[in-house]
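Here are a few friendly notes to read alongside the model. Take them in order, with the structure open beside you.

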Amino acid sequence: GTFLTCTGDDDVCIVAADGLLALCLDRCVPTDPEPCPPAFGCYDSPAGRWACDRDLSGDAGAHGSPCACSNCCDPGLVCAPAADVDDPACMVEGATGCCASVCELPDPEADPPEDPPTCPSELETCQPYVEDFVLIGYERVGVCRL
């Protein structure tokens, strides 16, 4: 098979459409104030790296909206397992994923300690986006979840 490699150091290769489509997208960090151009959001990829991709959410994509793809949520949100999101909109029948807010984890070295970020729901807390290991460059990326 043919392998596509991205030329830029900051590019992320995203394979979409069941492996038929490989895209080179700009790498981004979702907690940056403006990580991507207008109409684009910073979304996670199966490779675990975040990239700027077109926001496909249309009128939907707010916190708690059901989602079926990573860029089906508004910029600043990601598609998380439905069970992690505290929102009545997420309770629609058959929703497997719902849009959850990206948050920035407090700096563990900060003195005085930083307050944890607020989440859209009082029941949600900002938790590490990847639970089992730290992804270099994304140490403070979290997601609001139950």
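1. A pocket here is an open set of grid points where a 1.4 Å probe fits, with protein on both sides within 12 Å along at least five of seven lines. Please keep in mind that this is a predicted model. Its second largest pocket has a volume of about 150 Å³. Of the 13 residues lining that pocket, P128, V130, F133, V134 and E139 are the closest to its centre. By class, the lining has 10 nonpolar and 3 charged residues, and no polar ones.

2. Next, the interior. In soluble globular proteins, nonpolar side chains tend to be buried together. The largest nonpolar core in this model has 18 residues, and C28, W50, V85, Y138 and V141 have the most contacts inside it. Two or more residues each come from strand 4 (50-54), strand 6 (77-81), strand 7 (97-104) and strand 9 (141-145). Strand 7 gives the largest share, 3 residues.

3. What does V85 touch, not counting residues up to four places away in sequence? The list is H63, G64, A80, C90, C98, C99, A100, E124 and L146. There is also a second, separate core of 5 residues, which includes C103, C119, C126 and C144.

4. Finally, have a look at F40, which lies in strand 3 (residues 40-44). Is F40 buried, exposed or partly exposed? F40 has a relative accessible area of 24%, so it counts as partly exposed. Leaving aside neighbours within four places in sequence, F40 is in contact with C52, D53, R54, D55 and P75. F40 and N71 are 31 residues apart in sequence, and 8.9 Å apart in space, C-alpha to C-alpha.

How values were computed: Residues numbered from 1 in each chain as written. Predicted model: local features only at pLDDT ≥ 70, side-chain atom pairs only at ≥ 80, totals over all residues. Heavy atoms only, no water. Helix = DSSP H or I, 4+ residues; strand = E, 2+ residues; numbered from the N terminus. Buried < 20%, exposed > 50% of the residue type's maximum accessible area, 1.4 Å probe, protein only. Contact = heavy atoms within 4.5 Å. Core = buried A, V, L, I, M, F, W, Y, C linked by side-chain atoms within 4.5 Å. 1 Å grid on protein atoms, 1.4 Å probe; cavity = no way out; pocket = protein on both sides within 12 Å on 5 of 7 lines; lining within 4 Å. Points joined across faces, edges and corners; volume = space filled by probe spheres on them. Nonpolar A, V, L, I, M, F, W, Y, C, P; charged D, E, K, R; others polar.
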